[in-house]
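The sequence and the model come first.

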Amino acid sequence: MKKIIATLVICLCVVGSAFAQEEIDYARKQAIDSLALEKVRDLSKYIKIVGSKDTPFSEANRVIDRAEELFMSDAEIGVSSLGSNKITFYRVRKYFEHLMRLNYDRVEIEWYNIEYVSDLQQQPDGTYVGVITIFQTFRGYDKEGNLVYKDTTKKDITVYVRRKETQIGGRTIGFWDVLLGDMRVKETTNR
Amino acid sequence: MKSKITTVMMVLLAVFITLGGTTSCKSKKRLAREAAEAEYKSKVEQATQDLNAILNDETLWSLEEKEARVKTIKDWNLQNADVDSLIFEAEKKLARERAQKDEEERRAAEEREKAKAADVVLGRNFNSIASAGSVSQANRVINETMGLFESPNVPVLIIIKQNAGFNDYDRPTTIEKYLNYLKDQKKVDEKVFDIKYNANGKINELELIKK
């Protein structure tokens, strides 16, 4: 009896994962890869806008809302500094609020070398998971325009891509939902 | 005696020939009349059948084919009261269908023209928002563009990849969010693919495709 139940459970798992997985061709996979990279680039622009002291408060808040939508609900962002070995993790909104309140008169944030460190791989539940690495250069200036702080941080962002469906105008629309997971600090230098 | 018999024979022959010729002529006319009657009957039956099919929407003919059929039946000039009545009803029905089709074609042409114009306007405004020199300038173009839409929540679908028979989309967004996205990202990576309008001529669905 136990053997039969075990066999049934295995069969159900195999069938379940077969239904969850969808074979996609190379061209479609490339489109998804690009979409996920684009979301990370979008995030870099949002960080730049919120970090800028020239951005009106209402605009910054609107951008934070958009940035939050890029992330999974429980995602956290790691923050480091040259003066400490400690890495502080913030929920996405808290991270942006912290960014808005930074005690500099001018802030410059640049992201570059945005690329996959681990390609999107399909998981048994059908979700594609990958890791994108970015380099961030942060510069903080005082009111005289002097550079008072600079660091470069390498960060890894986990990306999740799921196939979803929604109804729009009576049609079923199949879409790829890209969500960013935790953003982890890999190293921080004064370069 | 012999000459009497010959005379009688000659008279009989003449009578036979005369009677025979008359009977043959009458038979031909009868046949022709019968053929004409059969043809008329067949045409009446065919006309009745076709006209009823047209009136009851039981045919797969196009409007043009139905119009041509009614004209052919009318040209037969059957002078049959029932057929004439059916022709009258069929012509009335086809006139209604023609008016409806013409109206649909006119609207479709109008939609195409509008879509073409909106395509140009939207493309121009998207670029203006992305390249705006300031937030207020971008917001001005956003407000102007929003006037073309039914509401700020009009869905915007972005095709990331076209496959055989279906499209892959990014997560659906709204026009308000999309226009602000252009302002934030300062780039336009999409172009208009399809536009849908409500009865008031406002856009109620926008489909974009990655360039």
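Buried residues, those with 20 or more other C-beta atoms within 10 Å of their own C-beta atom, placed from the backbone, make up 20% of the 191 residues in chain A. This is a predicted model, in which local features need pLDDT of at least 70, side-chain atom pairs count only at pLDDT 80 or more, and totals for chains, interfaces and linings use all residues. Residues are numbered from 1 along each chain as its sequence is written, while chains are lettered from A and ligands numbered from 1 in the order in which they are written.

Chain A holds 4 helices and 6 strands, taken as DSSP runs numbered from the N terminus (helices: H or I, at least four residues; strands: E, at least two). Their order from the N terminus is α-α-α-β-β-α-β-β-β-β. Two residues are in contact if their C-beta atoms, placed from the backbone, lie within 7 Å. Of the contacts in chain A between residues at least 6 apart in sequence, 59% join residues at least 24 apart.

Contacts also link the chains: 21 residues of chain A meet 16 residues of chain B. The elements of chain A that give two or more residues to this side are tabulated here.

| Element of chain A | Residues |
|---|---|
| α2 | 26-51 |
| α3 | 57-70 |
| β5 | 147-168 |
| β6 | 171-189 |

The largest share, 8 residues, comes from α2(A).

Strand β6(A) is joined by 2 bridges to β2 (residues 166-170) of chain B, and the two run parallel; strands pair if DSSP finds at least two bridges between them. A:Phe175 stands opposite B:Tyr169 in β2(B).

Technical notes
A residue is buried if 20 or more other C-beta atoms lie within 10 Å of its own, exposed if 12 or fewer, and partly exposed in between; C-beta atoms are placed from the backbone.
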